[in-house]
Amino acid sequence: MSELHGDEGQVEPTERDYELALEEIVDDVMSYGRYPRKGKVEVDLYEFVSEHRDPSYALEICVGALIDDRSYEFRARVDRERETIREMLNKYLKDSDAVDDLATSILKERQDELV
């Protein structure tokens, strides 16, 4: 359900629209290495990790992969790193223009469905 704000009756995205937008963007970045999947890149996983994560973490995983370490410990380490990056992206992108734009698109899609 939409929320009305201001005297003009302008419809703004709901909190849920923002949550869905953030989730979709983070999922795309973690699955495809970028957002959006096509077109001009707004969020790039490689760039994000290189700017926001200590390079020793990436090196540790790279070395683990090079020695063909398929142990439970290695897989668990990779899973922990994925979760850490996902959390970092959520915090970083929460109030971003990309989330705002997608939340607005989600609102418009919902309005179009009602027409």
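The questions and answers below go through a predicted model of a protein, from its overall layout to single residues.

User: What percentage of the residues of the protein count as buried?

Analyst: The accessible surface of the protein comes to about 8,400 Å², and 50% of that surface belongs to carbon and sulfur atoms. A residue is called buried when its relative accessible area is under 20%. Of the 115 residues of the protein, the share that counts as buried is 27%.

User: Which residues touch the most other members of the largest nonpolar core?

Analyst: In soluble globular proteins, nonpolar side chains tend to be buried together. The largest nonpolar core of this protein has 16 residues, and the ones that touch the most other members are I25, Y35, L89 and L93. The elements giving two or more residues to this core are α1, α4 and α5.

User: With which residues is L89 in contact, leaving aside its neighbours within four places in sequence?

Analyst: L89 is one of the buried residues of α4, and it is also among the residues that touch the most other members of the largest nonpolar core. When neighbours within four places in sequence are left aside, the contacts of L89 are V26, V29, M30, V43, L45 and F48.

User: Why do the buried residues of α1 line one face of the helix?

Analyst: The buried residues of α1 are D17, A21, L22, I25, V26, D28 and V29. An α-helix has 3.6 residues a turn, so residues three or four places apart point the same way. Seen down the axis of α1, its buried residues line one face because they fall within an arc of 155 degrees.

User: Which exposed residues does α1 carry on the face turned away from its buried side?

Analyst: On the buried side, the residues of α1 pack against β3, β4, α2, α4 and α5. The face turned away from that side carries exposed residues, namely E15 and S31.

User: How far does α4 reach from its first C-alpha to its last?

Analyst: α4 has 22 residues, for which a span of 32 Å is expected at 1.5 Å a residue. What covers the buried residues of this helix includes α1, β4, α2, α3 and α5.

User: Is R77 buried or exposed, and at what relative accessibility?

Analyst: R77 lies in helix α4, and, not counting residues up to four places away in sequence, it touches Y57 and E60. The side chains of R77 and E60 are joined by a polar contact of 2.9 Å. Since buried means under 20% relative accessible area, R77 counts as buried, at a relative accessibility of 14%.

User: Which backbone oxygen does the side chain of R34 reach?

Analyst: R34 has its place in strand β3, where it is partly exposed, with a relative accessible area of 22%. Not counting residues up to four places away in sequence, R34 touches D28, V29, G39, K40, V41, V43 and D44. At 2.7 Å, its side chain reaches the backbone oxygen of P36.

User: What is the omega of the cis peptide bond that joins Y35 and P36?

Analyst: P36 has its place in the loop between β3 and β4. The peptide bond joining Y35 and P36 is cis, and its omega is about -10 degrees.

User: What is the phi of G33, the residue that follows α1?

Analyst: G33 is in the loop between α1 and β3, and it is partly exposed, with a relative accessible area of 23%. Leaving aside neighbours within four places in sequence, G33 is in contact with D28, V43, D44 and L45. The phi of G33 is positive, near 80 degrees.

User: How far does the backbone nitrogen of V99 lie from a polar atom of the side chain of S96?

Analyst: S96 is found in the loop between α4 and α5, and it is buried, with a relative accessible area of 16%. A polar atom of its side chain and the backbone nitrogen of V99 lie apart by 3.2 Å.

Technical notes: Residues are numbered from 1 along each chain as its sequence is written. This is a predicted model: local features need pLDDT of at least 70, side-chain atom pairs count only at pLDDT 80 or more; totals for chains, interfaces and linings use all residues. Side-chain values use heavy atoms; hydrogens and water are left out. A nonpolar core is a set of buried Ala, Val, Leu, Ile, Met, Phe, Trp, Tyr and Cys residues joined through side-chain atoms within 4.5 Å. Buried means under 20% relative accessible area, exposed over 50%, partly exposed in between (1.4 Å probe, protein chains only). Helices (H or I, at least four residues) and strands (E, at least two) are DSSP runs, numbered from the N terminus. Contact means heavy atoms within 4.5 Å. Accessible areas come from the Shrake-Rupley method with a 1.4 Å probe; for residues, only the protein chains shown count as cover. The arc is that of the directions from the helix axis to the C-beta atoms. The expected span of a helix is 1.5 Å times one less than its number of residues. A polar contact is a pair of N or O atoms within 3.5 Å; within protein, one must be able to donate a hydrogen and the other to accept it, and residues adjacent in sequence count only if both atoms are side-chain atoms.
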